[in-house]
Structures are given as structure tokens and as C-alpha cells.
Amino acid sequence: MKQRGVFYGSIYTVIMFAIMISKSLRSSFAFKIPQRSSLFITSPTTRISPITTSPLTAYRTITSATRLFSAKTTLSFDPSEDIRDKATSTLVIGRHSTLKSLIDKTDSYVSLWGFRPHPDILSSMHEQLHGNGSSTSHIVVPTVGPAAPRPPHRMSLLSLKNKVSRNNHPLSLHAMTDMIKSAYPSKGIVHIMVCVEDKFPVAPVAAFLARSFPLFSKKTSMCTKEKKDDEGETDDEKEKDRRIHVTFIDNEGKVLKNDNEIEAAKAAVEGVRLACKLVDTHPEELTTTAYAQECRSLFDNDDTVTIEEIVGEELKEKGYGGIYNVGKGATEPPRLMILTYEPPKEIADDNASAITLVGKGIVYDTGGLAIKSRPGMCGMKHDMGGSAGVLGGFQAAVKLRTPRRIRLLLCLAENAIGPEAVRNDDIITQYSGKTVEINNSDAEGRLVLSDAVAHATKHYDDCDLVVDMATLTGAQLISTGKMHAGILSNKEELEQLAVKAGLASGDLCYPLLYAPELLKKEFNSKVADMKNSVKDRSNAQCSCAGHFIESHIHKSYKGGWLHVDMAGPGTKAERGTGYGVGLVLSLVGAPGFDERS
């Protein structure tokens with residue numbers, strides 16, 4: 001038995017050595033073989049089906065197509081023949097049936113791409129796709145046409161589902177974002193063409209495109225000039241080449257050039273990329289003070305926006321016990337930022353009531369003295385995602401000169417551990433005047449939001465809608481999943497309006513159970529008006545958290561209140577998604593966002 005064990009052990013060693021040699025050879029030679037024209041199919045599951053290519057060529061193409069995007073990537077929405085002719089790669093995105101219609105219009109090839117790929121090649125690519133799922137087909141083709149001579153061109157067809165369920169955007173925008181991330185080449189001038197068809201607004205599609213190109217990165221390779229890759233290029237050279245030009249086309253293949261729609265697309269993209277950048281930034285850099293400075297810098301040169309701040313001890317003096325107590329243990333002071341947008345008189349709609357947006361901005365959440373575990377704490381820089389979403393939406397709405405007054409309240413604090421941190425068993429007084437017994441310092445988001453919602457409903461007589469947005473509960477993911485926020489509203493018609501706005505913008509949401517008279521008992525306290533965390537975590541926990549905030553609405557307020565818990569859709573694969581920007585733009589009626597001119 002001992003000899004047999006030695007024998008099998010020797011075989012195992014030889015096999016492992018052979019595998020190591022194979023991997024080494026593949027690594028050494030895969031990037032040195034000249035790339036041939038290739039056609040292969042990829043899907044979001046990254047299955048590879050080579051048609052006319054060598055395995056090493058396919059490997060090279062896949063590797064280059066899945067690199068992370070850098071902070072220097074720029075997006076442009078100004079269609080021109082010059083950009084079309086300079087592009088080295090083209091991605092064409094649309095529903096399967098729409099792509100087929102586009103491919104059949106052979107007379108439009110030159111006007112669309114600047115050269116004429118053979119129709120049989122495009123048809124073959126399309127046939128490899130299917131209309132029941134999301135899939136991608138790539139090919140490298142020679143450029144023949146009236147444009148100046150240029151290297152072979154990389155074309156990709158990105159096929160979206162023909163039909164989706166009633167709770168998804170008709171163009172399946174989440175799938176589109178995933179496909180772009182996998183299909184986008186690592187360098188060169190990229191031209192993305194999106195078939196939006198006649199009935200779909202452009203700006204929501206642009207917002208989801210922006211999710212593929214985050215701004216924030218601290219990777220040292222992004223700024224290292226000396227280090228070269230296997231293709232002999234420095235990372236810095238690649239950054240200079242990383243430009244993406246987006247063109248929207250209709251059913252007939254005609255380029256959409258409506259100024260209002262394009263401006264709405266640009267504003268939405270800027271708002272989403274801002275929100276993503278803030279969510280991705282680490283807490284050592286994005287302190288409450290730095291966050292406030294970022295807000296001020298956004299509107300330094302815009303006289304339609306005024307900014308107020310209540311900071312540190314002033315919060316305590318003025319009665320904002322929720323924000324103050326959550327943030328008092330941190331090195332940087334908590335603050336309530338109040339931004340007010342007043343539309344220019346020439347565009348103001350006197351019949352449109354004001355809307356107030358409230359965002360949870362916990363720049364880092366340790367859980368406080370109810371400290372989180374290591375796995376539970378990692379990623380808590382994302383706990384300010386609600387504030388980032390409403391800030392990005394507010395910025396875009398201002399840029400688009402929305403004809404109604406909009407206010408933005410940001411509750412900025414760090415839920416830190418220290419000698420000054422709020423304790424479990426402490427009793428605090430919120431801005432509403434109600435007392436709260438702390439039985440879980442890790443349920444801090446509802447405390448800060450309650451102060452801001454109380455402020456808005458008490459002081460703004462012209463306000464008819466208050467929307468608070470937060471990464472509030474892990475229970476939201478159980479209730480409505482990773483792509484749909486959970487919403488709670490005191491009015492059924494507002495709940496329906498929010499669902500409709502989510503479907504239009506792609507920031508999907510779905511109603512939670514609304515039953516305050518049945519659920520508020522979960523917060524019963526013997527010594528205060530309420531506790532801040534539920535007694536029974538299995539009893540509609542996500543709804544309970546929303547009802548806690550609702551209980552601090554001022555008694556004189558008769559308008560609508562909408563709570564958006566976006567703990568799930570706020571991030572994906574450790575990156576911010578910019579969720580909330582589109583939903584806000586749709587709710588406030590930003591010009592050109594969810595309409596076709």
C-alpha cells in the first residue's frame with residue numbers, strides 16, 4: 001500500500017507540473033500571436049463559442065475586453081461624422097428585433113459606421129444571438145468605404161431581450177450595463193450606438209450607460225507611466241485613448257439630434273457618475289467635512305442654488321438629536337446640509353408644488369457601540385448611497401432647469417466608536433420632539449432621516465412631497481431584491497407614481513407592506529416614546545423602519561411622503577450604481593428626462 005501511494009503521488013506531481021508548464025506557455029505566448037479576424041459569441045455568463053479564430057486569439061480578446069474602467073474615461077453625446085470615422089471600435093446595442101431591422105438596411109451602413117461591413121457577416125453575427133436573453137457578438141472587420149483608410153475595426157452587436165416582465169424596464173437596462181462592461185475594449189476611440197426605438201426616452205438609457213464607467217479609482221497603475229503591458233503601451237497612453245462617444249438612433253437607423261433629449265442625457269450621466277464616485281470614495285477621504293465641500297463646489301457658480309449648514313454642537317442646540325447623537329463620536333462633526341433650488345422666474349411653474357429630497361449620508365457605519373463584525377463592516381462606506389443618489393438627481397435637475405422649487409436635505413454623519421459615541425440604553429430627543437430609547441446603535445439611519453423629515457414637514461408650507469432615500473435595512477434585499485428598491489408611502493397614488501417613475505427611469509422600485517397601526521408596536525418602550533429598533537426582526541422589518549421615520553412627520557403636514565430603501569440596488573460588485581438619480585429626475589419632472597420630443 002505504501003509503494004502504491006508513492007506511485008500515485010509521483011503521477012500527481014507529474015500531472016501538476018505539466019499543468020504549470022501549460023499555463024506558463026499560455027501566459028508567455030498568448031499576447032504575442034498576431035490577432036486574426038475573429039468572430040465569437042459571448043453572453044453575460046462569459047461562455048465563449050469561437051467560430052473562426054484560434055484559442056489564443058480568443059483568449060487575448062476576452063482578456064482585453066474585461067479590464068476595469070479608469071477614472072479618465074470620458075463620455076460624449078455629440079454625434080458627428082468625424083467621431084464616426086475616427087472610431088476604432090463600435091458597439092451597437094438594441095433589442096434583438098430592432099438589431100435585425102437595422103442590419104437589413106444595408107444602404108445605411110456607411111452613414112452609420114463610415115464603412116461598409118459585408119451584410120452576410122452582420123447577419124451571421126445576429127443569427128448567433130437570440131431574442132430570449134441578453135448576448136453579445138464581436139467581429140474584427142476590414143474598413144472599406146469613403147472614410148480615410150484606418151486599421152481593421154472591431155464591431156460588437158449587443159442584443160437585449162425582445163420582451164421583459166412588467167416589473168422591468170422594457171430595454172432591460174441592467175443587462176445593457178453588464179454587457180457594455182464585458183464588451184468594451186481596453187483602448188482606442190469607442191463609438192456606442194444605442195437603438196432606443198421611437199417610444200423610449202434617451203436620458204434613462206444614458207444614465208445606465210454611465211454606470212459602466214465609474215470615475216473613482218486609487219489604483220497606482222492608473223498613473224504609472226514607466227510600466228508597460230504586453231502590448232508595449234503604458235497605462236498612461238491607454239488612458240489618453242480611452243474615449244467613448246455615444247449616439248442614439250431610432251427604428252429607422254436615423255441619428256437622434258434633439259437638443260433637449262441630448263442635454264437631459266448629459267445631465268443624467270453627470271449625476272450618475274457623481275453619485276457613483278461618492279459611493280466609491282473611501283471614508284478617510286470622504287469625511288462629512290469633505291462631503292460638504294463637494295456639495296458647495298458643485299454649485300459655486302450657480303445662483304439658483306442656496307446652501308445652509310447646521311454643524312456639530314449647533315445641531316444639539318437646535319434640537320436635531322438624531323443627527324447629532326449618531327455623529328458626535330466621530331472626529332469630523334455631523335451636519336445637516338440644506339440646498340434650495342429656485343428656478344429662474346422666466347421658467348418657473350407657479351402651479352407646481354415644491355419637492356423636498358432627503359438623503360441618508362452616513363459616510364461610514366461601524367455600527368457604533370453595537371459594533372458590526374469584520375465582514376459586516378467592510379463595505380459600509382456605501383452607507384451614504386441614499387444621499388449620493390438624491391444629490392446626483394438634484395444636480396441634474398438643476399442643470400436641466402426644472403421649473404419647480406426643489407430642496408435637498410443631506411444628513412451627514414459618521415457612526416463611529418469612541419468615548420463620545422451614543423450608547424445603547426441612551427434616550428435622545430429628535431427634532432420632532434419625540435424621545436427615542438436607543439436599543440441598537442446600528443439602526444442609526446432612521447434617526448438622522450427622522451430629523452430631516454421632521455424639519456421638512458414642519459417648515460416648508462409650499463412642499464407637497466417629501467422623498468427620503470437611504471441604504472436603510474438589509475431586510476430590503478429580502479423584501480424586494482437587489483435591483484428593486486423597497487418603497488413605502490402614506491398615499492396609494494404616490495406609491496403607484498413611484499413605481500411608474502422607476503419603470504421609466506430604470507431605477508426600479510416596488511411597494512412594501514404599509515400598515516403602521518399593525519407594526520408600530522415593534523418600537524414600544526417602557527421609558528420613552530419609542531425604541532429605534534424592532535422587537536421582532538421577522539415582522540416586516542423593512543416596513544417597520546420606514547414607519548419609524550413616518551412617525552416623526554409633523555402633525556400639520558398633509559402632503560405626500562415617500563420612503564425609498566435602496567440598500568440592494570445602491571451597489572453592485574463593490575461599486576456604486578448611481579441608483580436614485582434617475583428616480584429623482586422622473587419624480588421631479590426634469591425636462592427631457594423621461595419624454596421624447
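Predicted model: local features only at pLDDT ≥ 70, side-chain atom pairs only at ≥ 80, totals over all residues.

User: Which residues touch the most other members of the largest nonpolar core?

Analyst: In soluble globular proteins, nonpolar side chains tend to be buried together. A nonpolar core is a set of buried Ala, Val, Leu, Ile, Met, Phe, Trp, Tyr and Cys residues joined through side-chain atoms within 4.5 Å. Buried means under 20% relative accessible area (1.4 Å probe, protein chains only). Here the largest core has 90 residues, and Ile192, Phe248, Tyr291, Phe394 and Val564 touch the most other members. Helix H10 (residues 259-280) gives the most to this core, 12 residues. A second, separate core has 45 residues, including Tyr431 and Ile553.

User: How do I read the angle at which H15 and H21 cross?

Analyst: Helices are DSSP runs (H or I, at least four residues), numbered from the N terminus. Axes are lines fitted to C-alpha atoms over the stretch in contact, and angles run from 0 to 180 degrees between N-to-C directions. Under 35 degrees counts as roughly parallel, over 145 as roughly antiparallel, 65 to 115 as roughly perpendicular and the rest as oblique. The axes of H15 (residues 385-399) and H21 (residues 581-588) come within 7 Å and cross at roughly 50°. That makes H15 oblique to H21.

User: What is the arrangement of H11 and H15?

Analyst: The axes of H11 (residues 288-298) and H15 come within 12 Å and cross at roughly 10°. They are therefore roughly parallel to each other.

Definitions and conventions
Residues numbered from 1 in each chain as written. Heavy atoms only, no water. Helix = DSSP H or I, 4+ residues; strand = E, 2+ residues; numbered from the N terminus. Buried < 20%, exposed > 50% of the residue type's maximum accessible area, 1.4 Å probe, protein only.
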